[in-house]
Protein chains: 2
Amino acid sequence: MTDARLARQIAFLLEIDGLKSVLRQSHLIDLSRRENDAEHSWHLAMLAVVLGEYATEEVDQAKVIRMLLIHDLVEVYAGDTFLYDTRGVAEQEERERAAADRLFPQLPDDQAVALRRLWDEFEERRTPDARFARALDRVQPLLLNFYTRGASWRAHRVTKAQVLARRQLIEDGSPALWEYIQVMIDEAVRRGYLLP
Amino acid sequence: MTDARLARQIAFLLEIDGLKSVLRQSHLIDLSRRENDAEHSWHLAMLAVVLGEYATEEVDQAKVIRMLLIHDLVEVYAGDTFLYDTRGVAEQEERERAAADRLFPQLPDDQAVALRRLWDEFEERRTPDARFARALDRVQPLLLNFYTRGASWRAHRVTKAQVLARRQLIEDGSPALWEYIQVMIDEAVRRGYLLP
C-alpha cells in the first residue's frame with residue numbers, strides 16, 4: 001500500500017458521492033420525492049440478494065451485485081436519462097461512454113480496468129450475469145411505478161405499448177419475473193396507472 | 001417457484017423502500033442535505049469494493065458487501081441512532097433487535113434465516129468479515145464529516161476525544177485505514193472542524 005494509492009481511492013469515493021444528487025423519474029413508495037441514483041443502486045443490489053433464484057441461467061450473485069452497485073456511476077457526469085425520452089436515449093450511449101472515460105481512470109490502474117470491464121459487461125449484456133442485472137434494472141422502476149399508482153407513468157403519459165416495447169430486457173434475464181411483471185402491467189392499465 | 005413466495009419477496013423489497021427516508025446525521029459532500037440510510041448503505045458497499053485490500057485479515061468481499069447492504073435495514077422500523085447520542089445508543093440494541101424480529105420474517109423462511117444470520121454476524125463482529133464491515137461503517141461518516149468541514153461534528157459540538165473513543169472498531173477491522181483516519185482527525189482539529 002502507498003499513501004498515494006489510498007488517496008486516489010478515497011478521492012474516487014468522494015467523487016461518486018455525487019450520485020446521491022442525480023434524480024431519477026421514479027418516486028419513492030411513500031410519494032415524498034423522486035428517487036436518486038445512489039438509492040436506486042442500493043435497491044437494485046437488494047433485488048439481486050432477494051430475487052437471485054429467478055435468473056434465467058445460473059449467475060454469479062456477487063458479480064451481479066457489484067455490477068448493479070456501479071452501473072449508474074457514470075451518471076455522476078452524464079446525468080440520468082429517462083427510459084421513454086427517445087432523444088435522450090439516442091445520445092445516452094455516447095454521453096455515458098465519455099463519462100466512463102473520465103470517471104474510472106480516477107482509480108488506481110488495476111481497479112480502473114476492473115470496474116470499467118464490469119461496467120462494459122453490464123452495458124453489452126452478453127453474459128448471463130449482465131442479462132440478469134439488466135433485467136433487475138428494468139424491474140425495479142416498474143415496481144416503484146405500480147406501487148405509487150403510476151406516479152411517473154402518469155406524469156409522462158406513458159402507454160402500455162411503450163412499456164411492452166422494453167420487455168425483452170426483462171424476459172431475457174428472467175422469464176419468471178417477466179411473467180409477474182406482465183400481470184402487473186395489465187393491472188396497471190385496468191387501474192388507470194398506465195395508458196392502454 | 002410459487003407465486004406466494006415471489007409475492008412475499010416483492011413485498012419485502014417494497015417495505016425496505018422506507019430506508020430511503022431514514023435520515024442520518026451525515027451531510028452529503030455538496031452540503032445540499034443530510035444523507036439517508038439507503039444511500040449510506042450503497043456508499044459503504046462501494047467502500048468495500050474499492051478498499052477491500054486494507055482489511056486486517058483476508059475477507060470474503062461478497063459477504064462484506066451483502067452485510068453492508070443489509071446492516072441498516074432494521075432502521076426502517078428502529079430509526080437511525082446518532083453515534084454520539086449516549087442515551088439513544090443504550091436503547092439502540094434492544095430497539096434494533098425488535099425491528100429485526102419484525103422485518104426479516106417477512107421474507108420466505110430460508111431467506112429470513114440467512115439475512116438474520118448475516119445481520120447478527122455484523123452486530124456481533126466476531127468474524128473478520130464483520131470486523132471489516134464495521135470498520136467501513138465508521139470510516140464513511142468520518143470522511144463525509146471531514147469533507148463537509150465538520151458539518152455534523154460542529155452541529156453536535158463533537159470533540160476529538162469522542163471520536164477517538166470509537167477508534168477501536170476501525171483499528172480492529174483495518175489498521176491501514178485507521179492510520180489514514182488518525183491523520184484526518186488531527187487535521188480536522190487543526191482546521192476547527194472538530195473540537196480539541
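Okay, a quick definition before anything else: UniProt annotations may be inferred rather than shown by experiment, and their positions here follow the numbering we're using. Also keep in mind that what you're looking at is a predicted model.

So, with that said, the UniProt record, an unreviewed entry, lists "domain: HD" for residues 17-178 of chain A. What is the chain doing over that stretch? Over residues 17-178 of chain A, 65% is helix and 5% is strand.

Let's talk about holes. Rolling a probe the size of a water molecule over the atoms shows where empty space is left. How many cavities of 30 Å³ or more does the structure hold? Two.

The largest cavity comes out at about 40 Å³. If you want to find it, go to chain A and look for A:Ala55, A:Thr56, A:Glu57 and A:Val59, then A:Pro128, A:Arg131 and A:Phe132, and finally A:Asp172 and A:Gly173. Two elements of chain A give two or more residues to that lining: helix H7, residues 128-147, and helix H10, residues 167-173. H7(A) has the largest share, with three residues. Sorted by class, the lining has four nonpolar, two polar and three charged residues.

Now the second largest cavity, at about 30 Å³. Which residues line this one? From chain A we get A:Ala62, A:Ile65 and A:Arg66, and from chain B we get B:Ala62, B:Ile65 and B:Arg66. Helix H3 (61-70) of chain A and helix H3 (61-70) of chain B each supply at least two of the lining residues. By class, that's four nonpolar, no polar and two charged.

Take helix H2 of chain A and helix H2 of chain B, residues 37-51 in each: their axes come within 8 Å and cross at roughly 70°. Angles of 65 to 115 degrees count as roughly perpendicular, so H2(A) is roughly perpendicular to H2(B). Who's touching whom? H2(A) brings A:Ala38, A:Glu39, A:Ser41 and A:Trp42, while H2(B) brings B:Ala38, B:Glu39, B:Ser41 and B:Trp42. The class count for this contact is four nonpolar, two polar and two charged residues.

The other crossing is inside chain B. Helix H6 (residues 109-124) and helix H7 (residues 128-147) of chain B have axes that come within 8 Å and cross at roughly 70°. H6(B) and H7(B) are therefore roughly perpendicular to each other. On the H6(B) side, the contact uses B:Glu121, B:Phe122 and B:Glu123. On the H7(B) side, look for B:Asp129, B:Ala130, B:Ala133, B:Arg134 and B:Asp137. Here the classes come to three nonpolar, no polar and five charged residues.

Technical notes
Residues are numbered from 1 along each chain as its sequence is written. Chains are lettered from A and ligands numbered from 1 in the order in which they are written. This is a predicted model: local features need pLDDT of at least 70, side-chain atom pairs count only at pLDDT 80 or more; totals for chains, interfaces and linings use all residues. Side-chain values use heavy atoms; hydrogens and water are left out. Helices (H or I, at least four residues) and strands (E, at least two) are DSSP runs, numbered from the N terminus. On a 1 Å grid over the protein atoms alone, a cavity is a set of points where a 1.4 Å probe fits but cannot get out, and a pocket is an open set with protein on both sides within 12 Å along at least five of seven lines; lining residues have an atom within 4 Å of a point. Grid points are joined across faces, edges and corners, and a volume is the space filled by probe spheres set on the points. Ala, Val, Leu, Ile, Met, Phe, Trp, Tyr, Cys and Pro count as nonpolar, Asp, Glu, Lys and Arg as charged, and the others, Gly among them, as polar. Axes are lines fitted to C-alpha atoms, for helices over the stretch in contact, and angles run from 0 to 180 degrees between N-to-C directions. Angles under 35 degrees count as roughly parallel, over 145 as roughly antiparallel, 65 to 115 as roughly perpendicular and the rest as oblique. Contact means heavy atoms within 4.5 Å.
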